Structure formats: C-alpha cells, structure tokens
Amino acid sequence: MRWSNLFIPTLRDAPADAEAASHKLLVQGGFIRQLHAGHYSLLPLGLKVHDKVERIVRDEMDSIGAQEFLLPAMHPASIWRESGRWEVMGDEMFRLTDRKGADLALGMTHEEIFTTLALEISSYKTLPQIWYQIQWKFRDEPRPKSGLLRVREFAMKDSYSFDLDEAGLDANFRLHHDAYVRIFDRLGLPAIPVEASSGSMGGSGSTEFMVPSDAGEDDVVRCPNGDYAANLERATSALPAVADRSELTDLVRFPTPGIRTIAALEEVEGGAPAVHQIKTMVMVLDGEITLALVRGDHQLNIQKLLDASGAIELRPATPEETLEHLGANPGSLGAVGVEGKRIIADESLRGRVGLTTGANEDDWHYTGVSVERDIAVDQWADLREVSAGEACPVCGTDLEIARCIESGHIFKLGTKYSEVLGATVLDPDGKNVPLVMGSYGIGIGRAVAAIAETHRDDRGLIWPVSVAPYEAVITVVSIKDEASMTAAEALYSDLRSRGIDVVLDDRNARAGVKFADSELIGIPFRVTIGPRALADGQVEFTARRSGETERVSLDSVADLLAGAVSAAR
RNA sequence: CGGGACGUGGCGCAGCUCGGUAGCGCACCUGCUUUGGGAGCAGGGGGUCGUGGGUUCAAAUCCCGCCGUCCCGACCA
C-alpha cells in the first residue's frame, strides 16, 4: 500500500480522556475511534491488527482439530430461559423486543446455541468434537473503560468441546491449554495460566490466561518460584497456625463503649488481637440476609463468597437492614446465638476457641467464643482474600500479587448445559448420556489492547511482527528526488513479491513527520531511502524495537529485511 | 448503583468569576519559500459553544432539568 492513499489519521496529541497507554496510543495512532462508551470503530490499521490476531487464533484452533462455525449474534429469549441464564445474566445481557413482542437477547456467549447444534450428535462414535467461531459478543458492562480493554461489543473466539466422559474433557481442556500457550506466545503476550473462578459459566475447573499490566483489572497471586499462580478470587496461601487463647473458656458479654472497629477492639481493655476476633459481615445473597464470617485480620473476598454460596446476586446489607435483622449497628455485630439466618464461615475459623466478636447490641462484645459451641455455621468455605507476602501453599515462599489483563479463559463445563438442553449421545453400551462439555474464550480486541499495552515506548507502539499492521515501511525522505522514488518503487515491488506486508511512505511530507508517524504506529522495520546515502548506493535499515539503524546497500536490503521478517513471524 | 471531574471546529485547549453574539495551537485548503526528526511566511475554509427550558433588550457565560464522556469506588462491620 501507498501511504499517500491510506486513511491513517494520526494525532499530535492523545485524547485527553484516555488513561490507559493502549487506549491513548491506539487512538493517537489512528487504529480506533470511539463511537460511544464501550463501542469502538476499528479503522483500517486497527482492523489489520485485529485480523492478524484472528488469523493466529484460527491457525492454532485448526491445529487442534477445531472446526469453525458462525452462529447468530441475536438469540431468542427462550433458549436462555431453558438454560436458566435469562435470569442469571441479569443486567449484563442486552435485551430487546421484536415487532411481535417476542423477547430477544444479544449473545454474551454461545454455550446455549452451540449445545443446541450438538443435539444432532447422536453417537459416541462422532466424539470428540471441537467447535468454534469468532463472533461479536455484547455485554452491558457496568463500566466500560480503558479503550479496547473493557467494551460492550467485541469479537471473541469461543470454542466448545464435546466428549463422552470426563477423561475426554480433560484431554480437550489440555489441548486448548496448550493451544492458548502457543497463541499468546505468537501474539507476544507473556500470559500466565492461573487457577480461576468459574463465575456464571459454572463448571468444575477453569484456567485464566493473565497478562501482567498496570491497565489490568484482575489481581493474580503467584509464587516467584513459578509453582503456584491463581486469581485472587481463587488463591489460597499457607497460614501459620494460631495458638488459641484457650483459657477463655466461658462465653462472656462485656461492655465496649464506642468501639466500632477491629483495630479499636485490639486496643481496648478486655479486647483481643485481630487474629482472635471474628469479623462478621452482613450480606444479602439473592435477597436473603446472610452472615459471612472471617478472622479479624482477614478480608472477605466477594467472588469467593459468591462461588461458595452459589448466589447470583450479592450486595452488602444496608445499615438499616443490619439493624433490623441483627439489632445492632456495624461495629458491634456477631453470629453468636444467631438463628434462622444463613451463616457461612471461613475455614480459618474452624475449631477456634477463645475468640472475641460483637454481641449484636451497640457497645457490647462477647469474648470466650467457641465457634463450634456458640455459632450455628451452615457452611464452611474458603472466603478470605490472600495478601502479598503470605506463604505459597506449595513451597512456602512469599507470594506476590500482580495486576493483570484477563486475556483468555478456559472452562470445564461438564454436563451443565447438555443436561438442561437435553444434548445426549448413545454410549458404547447403548445408554443415553449427556455430553461432557468445555468452553474456551479469547477476546480478540482485548488481545490487541493487551499487546499495545505491553509493546510500546515513549515514541509509540512496537508491534510484534506477527500482528503488526505492516511488517515494514519504506520511508522516502524526499519524494521529489527521482532516484529515491525509482529505488523505492523497485524495492516496494520486490518486497511485495516476497510476500512482505509493506507500506510505501510516499507522502509529500517532511522526513521528521514520516519518522514520527511510523514510530507511533509501531511498524517493526523501516527502510529509509534518502538522496545522500542513495548516491553511494546505500539505504538505512532500522529496527523499531531497538531503534538501531544500519547502513546497507540498496541491493542487499530486500534480503536483509525478508530475513528479519521471516525470523520474527 | 455511590462519589468526583468534564462537555466550546477533527485533536488539544482558552473564554464563563464580572452576560454584549467565539478565540488560540495543531490538523485541513491555496500560493511562495523550505526539505534527514513533527518547517516559515501570506491568504483561506470549517463551530446548533452536549441538549431542553428559564432569566434578560442580549446567554458559551447566570438558573433549573436532562443527556453524554472519563476517573475512583461499589469487601475491611
């Protein structure tokens, strides 16, 4: 392509309301434009990168035997009602009504639709199957942000595996895991596979692929030794044992005027260190008042509570609700003697004695609490959030917490969808069994943003060759110099015939403008053709990432460039 | 959903306090000069000042409503 004919609207300044580096650079470099919050137009340059990411994903999916489909983006409500997710998805699903008054939804994901197609799989002999598509997803995010990182409309590669049994699912899960490792490697993304929560997808296991970045929205707990990595929503750590204050055998109610916090209760006469306190949090799970108990020095992780309880909707109780149901205000709450309310307690409290907690009357607390004896716990679960510096559950090393972009997610769904939608096959014994499913996603646009986030410097983007909008640019310093243009045209045509994705910068602009633009949009290799060097039969070859420039002969530059490109592809 | 900030040409901003019918830089068009790191001079085009209402002789500016965009929060009892 000739730059003079292209629409690459680069900006001198980044838009003022952009915060994330990828957002600024993708707008400034003329890759994307915002239509409204969470909806972006891909400009030609942006689409080229998007396409190249798609191509790599397709290539790796095909390599594990996956077959490409294209399913509708708009679905009837009935199929979502059948799976039970019409309600589960809540406000995050875009819903609309057609002229006949029928309820429709814009697809957030396609388990239901693919499973419906899988109704036609009738024999174990056709298993396993891996089906995928790259299709637009619509999610009414509460807060779209950071350019392409969190949007309401985006292309996603979603694949689904269908197997006769768990062993088959494990094999397909492993195939996807390895394909994802290769995909992220080819995209230049240092993705870490981590244990994750399954959220509204359901299922027995899931792994997220997390790219460390300040612009991320998830926290990953990981061991520097590399033997443990998990999403903060799932992570555990090895806790040192606590010696109970077992001398406090009797339940004693004592006055604590004005004491409202764990910290204050540590200081007060008759109080207790935080490890000997119970923190009682009043939450509303699907409309039901529930007490969540963690150790005084621990923090509750909301996602863990959601996962443990199976609840769809969760919010903290209002002060009014708390007062109505427990009879006291926050700061004096506890679960001792509470009946008729669901109580979920963290594992670290199991069997503990000699504890201190609120007495459900303002300005009063209990001490000498035995969890077994005094609290009617309905469910034990891992509810506490890991902090940096705690011990790795595998090797004991201090754990680190890193901000990450969730770039891929693979789930073992099991039979959740096949059962409700009736997708069964006959097994070798002639028995009808539900398909065992997995589901696997990669956000294409988010991958583009994640690459931009991790491949840049103060001059702009530095695309990996595999996804660069152009692999090389020929910068003609002076288009009025006939010898320059002749040489440039010949090189351009040579490179194109070698299959290199090259752009000829033939704009009538100053050299500085051309250099700055090519650096901003991140083209990996540049050949600069200027009158002075050309007089000696020389041109310049510059690698964007290192910034190093070498003088080479015009005759040899095509070979050099072709070699560099194919080595980096 | 809670809090904060913002909305003036394609981008970045000033003007608003104190009302008088819109300006700067970049970008764009024309001409001349220039030409290896975002050129200079001269001339020019482009704006319902987010939107609806109100006050006023007069509103970008003051008042009220709405819409939109961005950021933070939505566990720490």
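The surface near RNA strand B comprises 17 nonpolar, ten polar and 17 charged residues. In this classification Ala, Val, Leu, Ile, Met, Phe, Trp, Tyr, Cys and Pro are nonpolar, Asp, Glu, Lys and Arg are charged, and the others, Gly among them, are polar. The model is predicted: local features need pLDDT of at least 70 and side-chain atom pairs count only at pLDDT 80 or more, whereas totals for chains, interfaces and linings use all residues. Residues are numbered from 1 along each chain as its sequence is written, chains are lettered from A and ligands numbered from 1 in the order in which they are written, and side-chain values use heavy atoms, with hydrogens and water left out.

RNA strand B is surrounded by 44 residues, and the closest are Leu300, Pro316, Glu385, Glu519 and Glu540. A residue is near the strand if one of its heavy atoms lies within 4 Å of it.

An N or O atom in the side chain of arginine 510 is 2.9 Å from a phosphate oxygen of RNA strand B. At valine 282, a backbone N or O atom lies 3.3 Å from a base nitrogen of RNA strand B. The elements that give two or more residues to this surface are β1 (32-36), β14 (278-285), α14 (511-520) and β29 (525-529). The largest share, seven residues, comes from α14. Helices here are DSSP runs (H or I, at least four residues), as are strands (E, at least two), numbered from the N terminus.

The helix packing comes next. Two packed helices are described by the angle between their axes and the distance between the axes. Axes are lines fitted to C-alpha atoms, for helices over the stretch in contact, and angles run from 0 to 180 degrees between N-to-C directions. The axes of helix α2 (residues 44-63) and helix α12 (residues 444-454) come within 9 Å and cross at roughly 110 degrees. α2 is therefore roughly perpendicular to α12; angles of 65 to 115 degrees have this name, those under 35 count as roughly parallel, those over 145 as roughly antiparallel and the rest as oblique. The contact (heavy atoms within 4.5 Å) is made by Val49, His50, Val53, Glu54 and Val57 of α2 and by Ile444, Gly445, Ala447, Val448 and Ile451 of α12. Its residues are seven nonpolar, two polar and one charged.

α2 also packs on helix α6 (residues 166-187), where the axes come within 10 Å and cross at roughly 150 degrees. α2 is therefore roughly antiparallel to α6. Among the residues that meet here are Val53 and Val57 of α2 and Ile183 and Leu187 of α6. This contact has seven nonpolar, two polar and four charged residues.

Two local features remain. Most residues other than glycine have a negative phi, and most peptide bonds are trans. A cis peptide bond joins leucine 127 and proline 128, with omega about 0 degrees. Asparagine 360 has a positive phi, near 60 degrees.

How values were computed. A polar contact is a pair of N or O atoms within 3.5 Å; within protein, one must be able to donate a hydrogen and the other to accept it, and residues adjacent in sequence count only if both atoms are side-chain atoms.
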